[in-house]
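Please open the model in a viewer and keep the selection panel at hand.

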There are 2 protein chains.
Amino acid sequence: MRSSAPSPVKYISELSTLGEFGLIRQLDKMIRRADNGSGTVHLGIGDDAAVMSPEKGKDLVATIDNMIEDIHFERSYSDWQSVGWKAVAINLSDLSAMGAQPRWLLVNLVVTMDMTLRDIQSLYRGMIACGKRFGTRIVGGNTARSDKECSITITALGEVNRNQHLQRDHAKINDVIVISGPLGLSAAGLKIMKTKQSKLFPQAAQRHLRPVPRIHEIQTLLSNNIRVNACIDISDGLIADLRHICESSKLGATLDRSLIPVHPQLKKFVQHFSMNPYDLLLYGGEDYELLMTMPDSEFRKAKKHVRNLYKIGTMVKQKGIRIIQDNNQIEIIHQTGFRHF
Amino acid sequence: MRSSAPSPVKYISELSTLGEFGLIRQLDKMIRRADNGSGTVHLGIGDDAAVMSPEKGKDLVATIDNMIEDIHFERSYSDWQSVGWKAVAINLSDLSAMGAQPRWLLVNLVVTMDMTLRDIQSLYRGMIACGKRFGTRIVGGNTARSDKECSITITALGEVNRNQHLQRDHAKINDVIVISGPLGLSAAGLKIMKTKQSKLFPQAAQRHLRPVPRIHEIQTLLSNNIRVNACIDISDGLIADLRHICESSKLGATLDRSLIPVHPQLKKFVQHFSMNPYDLLLYGGEDYELLMTMPDSEFRKAKKHVRNLYKIGTMVKQKGIRIIQDNNQIEIIHQTGFRHF
């Protein structure tokens, strides 16, 4: 679309010299060079919309998510390539939670006029790299300008065998609760970057800047016919996302604190800051690990195919979330976790 | 996703009391009540992603576009319902330009904390109304908060018979150039709203606030086997969008000024402001009419099915755009039209 009410640009920037169509041509070239997604594309960037052929017998899975400057990232600690990576990763993570194979991406980029062409190219480099790693590519987009903040909104489209998508509301009583990796590192990473100590905890910073969606893990489980009853990605924090599963499945959960894995770098981190690790493990968000429930027998099979799986609790009939403490006492968890507003 | 770096909310607003999940529940209810789209939806709002079944033998058509506060709309002259309508309409217009039937919508809404629940409900009411009118519905979305500006980014997904989508680069020499309605009213509407004279020119204001995507018109042409060689929607202005067709089809165009229709309200408008109507007809954007090229014989058939079609020129071998003036002199057009930045 066109901008109907352009406000005056205060200085002639590089972007303004290049123009919108010049920028689109530059980005189009980058995307074409990188092109190696798995889905069929008849018409990519350059027309009014993209045209793709869905695979026969598959359902289409679609999600939209965004990253806004100074809300979801800050230029002071994040490089543009990481912002691009993460903008794609958080969307692919949503697809992984549905058991879908990512296919196509659409990107709405809002730039501020103080961004350089190089900034935008770095942003796209990050998006392309993350897309490529998981077999998907950018097929369309839109660019606009804001005087206030940069933002990237991405729609990820994926495919799943008909009627075989995963839902958060299908957990069953006695299902074990499984996570695909240690939690809390991303929240730790954010804290250290804000206090400029990234070098002390590089893995934590990396986890926050470039989360890895668990596409391969869920695809491996599904292609080996492991029955996953419920699945969600951990973006808001373990407790908050487990609560989504519990509430939509109309069940409760009991977690075993001693079973929750603690990443070695998180151990060092909490020592350094004299913190309680459980605040980060239970409430730290943006790890983008998967939270799944499945019968215990399936979990034992699953472990043979995916190494990084941790059983941390059980789904129960009684509503609410409880946690078995190290001293075997049971604590009821009332706290939720992060609220966006 | 979660917001990783929440900045302090200055006062306890209605939205903050309601919370993100409270807001999503409210909107979900509204959307479910309105639900009457034409596509198959297995799983709508409330999980990590939406799941739909594409129709057999159809291609998927996808587009993304956005409306940003103070760039694409202003609260001073636009009501929230119109903003919602237009955010959907501009996306459906892109689908119409591909010959696609709209099916599903994904909405990324960024709110500011001074917006009320009522504002957001009005915004959704507008989106739902536009979606409903064209047989499509909201199947997923995301909400976030910004301290700076409200924005709505929408992905529209549609379907088209395999390999039958329209492109802008398929115009042929001697094709006639056809538009689906008079142009320039939207730009006029923007001007009168900014000068607070909307009541004098209600149709112009309406055209700017609630454009009507030409879904029905293109579907009627295609279902009656009218051959449309190239198609684009006029968002940037007649000349700018015709230039897209010319450049991608590697052809030129000759327009006949006397054939370009002038809406009665536009005539009054240019008299009122002592303006030249051709500035608005050629360069005013956001009318969201279709610009098509087709053989003249097809145009004659097309007119039997869709009344509002106007032949305004011819595609020619010689590059560039020329316009035959009222005195039969030919003017070469160098100007382009709107640039987003």
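**The second largest pocket**

Select α1 (14-34), β4 (101-111) and β5 (137-145) of chain A, then β3 (58-68), β8 (230-233) and α7 (238-249) of chain B: each supplies at least two residues of the lining of the second largest pocket. Helices (H or I, at least four residues) and strands (E, at least two) are DSSP runs, numbered from the N terminus. This is a predicted model, in which local features need pLDDT of at least 70 and side-chain atom pairs count only at pLDDT 80 or more, while totals for chains, interfaces and linings use all residues. Residues are numbered from 1 along each chain as its sequence is written, chains are lettered from A in the order in which they are written, and side-chain values use heavy atoms, without hydrogens and water.

Next, colour α1(A), which gives the most to this lining, with 11 residues. To find the middle of the pocket, show F21(A), I24(A), G46(A), R168(B) and H244(B), which lie nearest its centre among 47 lining residues. A lining residue has an atom within 4 Å of a pocket point; a pocket is an open set of points on a 1 Å grid, where a 1.4 Å probe fits, with protein on both sides within 12 Å along at least five of seven lines.

**The cysteines**

Now select C231(A) and C246(A). The sulfur of C231(A) is 14 Å from that of C246(A), its closest cysteine sulfur, and therefore too far for a bond. The structure holds 0 disulfides over all chains, a disulfide being a pair of cysteine sulfur atoms within 2.5 Å. C231(A) is buried, at 0% relative accessibility, and C246(A) is buried at 3%. Buried means under 20% relative accessible area (1.4 Å probe, protein chains only).

Terms used
Buried < 20%, exposed > 50% of the residue type's maximum accessible area, 1.4 Å probe, protein only.
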